[in-house]
Amino acid sequence: MSNTQHSASSTVPVRLGFIPLLDAAPLIVARELGFFDMEGVDVRLYRESSWASLRDRVSVGMLDGGQMLGPMALAANLGLGAPASHLIAPLVLSRNGNAITARRDLYDQLLATGYDLSRPQQAAQALAHHLKQREQPLHLGIVYAWSSHYLQLRDWLATADLHPGRQLKLVTVPPAQMVNALSTGDIDIACVGEPWNSLAEHQALGHILVTGNQIWQNAPEKVLGLKADWAEQNPATVHCLMVALIRACQWLDDPQNRTRALDILALPAYLGQAIQPLGEAGQVLFHPRVHQHFHRQCANFPWLSQAQWLLSRMTAWGQLPMDRPEPDLQAIYRPELYREAASVLGLDAPVMNFKQEGTHDSPFVVAGQRGPIQVASDSLINQRELQSS
Amino acid sequence: MSNNTQAVRVMLVDNEPERGRMVHDALESEGYQVICQRESTVGLVAAVAAQEPDVVIIDMESPDRDTLENMATLNEHAPRPIVFFASEDSNSQTIQDAVQAGVSAYIVDGLEQHRVKPIVEVAIARFQSFQALRSELMETRSALEDRKVVERAKGLVMEHHNCSEDEAFQTLRKLAMDRNQRLGQVASEIIDILEKKKSSTPIQSENPDE
């Protein structure tokens, strides 16, 4: 019952990798609710233990693609950190979803500084104040360098002129070990994607200090990354995958589906029983402060301006040489593939590929192919600084 | 200089003890100095800093791969920069073979390719033979399970069709060939169907083998 003109005639299964995080949900839901089947694509999902292994398996063709971090997809194309591997990222899978969580006792000490912790700049000031009085270094847990969490963390710290170093030590911790590292005291602050901030709060080990959404409002988080030569050889399959995933993202944004989504994600092959607490204490799956969503206000559209923005932050934090020419972003983000997939679902898409990133404090309207469409706000914590530089 | 393998220090991170030992022994017999490191995030960073290996061989299933990549990228803890083992590009046969076998390698920046390649190749070979051993074991195990299922299905067919053991077996075999399925698969489907029938028609006699 495919309602698309294309059909994925090939019977060869598509192999997609994912990391057990809440924003793997679009892939998991599309498979479990039969959205892939409806489009005639047979998808096998593979749980990976590290971003590095997911990337390498795609790069040698053991996987055709998967859930990827925005900066990671760009880094792979540029050959940063590993041999260059040409990927396309035609669809954004999720928006927001990260947070910076302080260990309970540290949070109380920051609260005692008198700064208003509900405002991200003030929270950074509180941390700076605390560091001045502290003799021991603070340990800050991060997940992966080529990620929005890391870039968001640096942008947030910079508002109080803080940088990792002797007093603020970075420690890499895999997401699934983050809560445990907070409890053993190996780290004082965790910068990680959901569900791990929620779970740290649930166990009363920590408290969310700042969310990614307070640093880069409504930032694209994970993308669908596909091996470019595979995508080129299988255009109909790519189209069908995208249609199924947009449908899964729509489904996930409907609050009525939260309990069902939690049950699916808690299956042993995906995130497992560890996420059961997300259904307790009034929270259903998504933390109210994190504003994690998947579809509304054009979330899935791959704005080229967002890719440029990520590159600019990677350059700002030394991951990319200043003089490096910009890669051909249109060959990576592929907004035209999104428009095609959206249209078979009766969804409109922006006519332009760029927007003025960081200049919208509230939702705004852009020209769509059929009429005006609403796009989410996108203000940035360091906008003033960026404009003055 | 190229034959001086003693100078190359290899750190091995593998949570599969048996495989780790295979790689360790193979590398040592080639004259390399091998340091074995068990998986542990905090421990790994400290160990790399303290031991200063020239090469780190790490199991692709280890979540600590991202830890090593961060050391390389952020340069926060690395006394000497460590880079992903990259010979020219991702199409190189060694990288293809390594990823297929589940081996990844990081080297100290500046270490010559020709000194690294044989180390990675030893690891790939051991990972492959470990994998072969393991899948052989799995096959043996599933063959045993298949045999049990086939016996049980045979009994049900004999009872249901009132035929000989040989006829029952031929029926199963023909079904498997027609459907292009494994004998074990067909057998378990037959059990499902005949058991259901049995429970809905309780007049059938009990299977004497039960």
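In what order do the five strands of the open sheet in chain A lie? In this predicted model, the order is β7-β6-β8-β5-β9, and the pairing is mixed. The edges of this sheet are formed by β7 (168-172) and β9 (206-211) of chain A, each of which pairs on one side only. On average, neighbouring strands of the sheet are turned by 25° against each other, direction ignored.

Within this sheet, β5 of chain A (residues 98-103) and β8 of chain A (residues 189-193) are joined by five bridges and run antiparallel. One position in this pairing can be given by residue: A:Ala102 has A:Ile189 in β8(A) as its bridge partner.

Strand β1 of chain A covers residues 14-18. Four of its five residues are buried, and the strand is mostly covered. β1(A) runs parallel to β2 of chain A (residues 43-47), with five bridges between them. β1(A) also pairs in the parallel sense with β3 of chain A (residues 65-69), over two bridges.

A:Gly17 has a bridge partner in β2(A), namely A:Tyr46, and another in β3(A), namely A:Gly66.

| Strand pair | Sense | Bridges |
|---|---|---|
| β5(A) and β8(A) | antiparallel | five |
| β1(A) and β2(A) | parallel | five |
| β1(A) and β3(A) | parallel | two |

As a general point, strands of a sheet pair through backbone hydrogen bonds, in either the parallel or the antiparallel sense.

Key: Residues numbered from 1 in each chain as written. Chains lettered and ligands numbered in written order. Predicted model: local features only at pLDDT ≥ 70, side-chain atom pairs only at ≥ 80, totals over all residues. Pairing = 2+ DSSP bridges. Axes fitted to C-alpha atoms, helices over the stretch in contact; angles between N-to-C directions. Buried ≥ 20, exposed ≤ 12 C-beta atoms within 10 Å, placed from the backbone.
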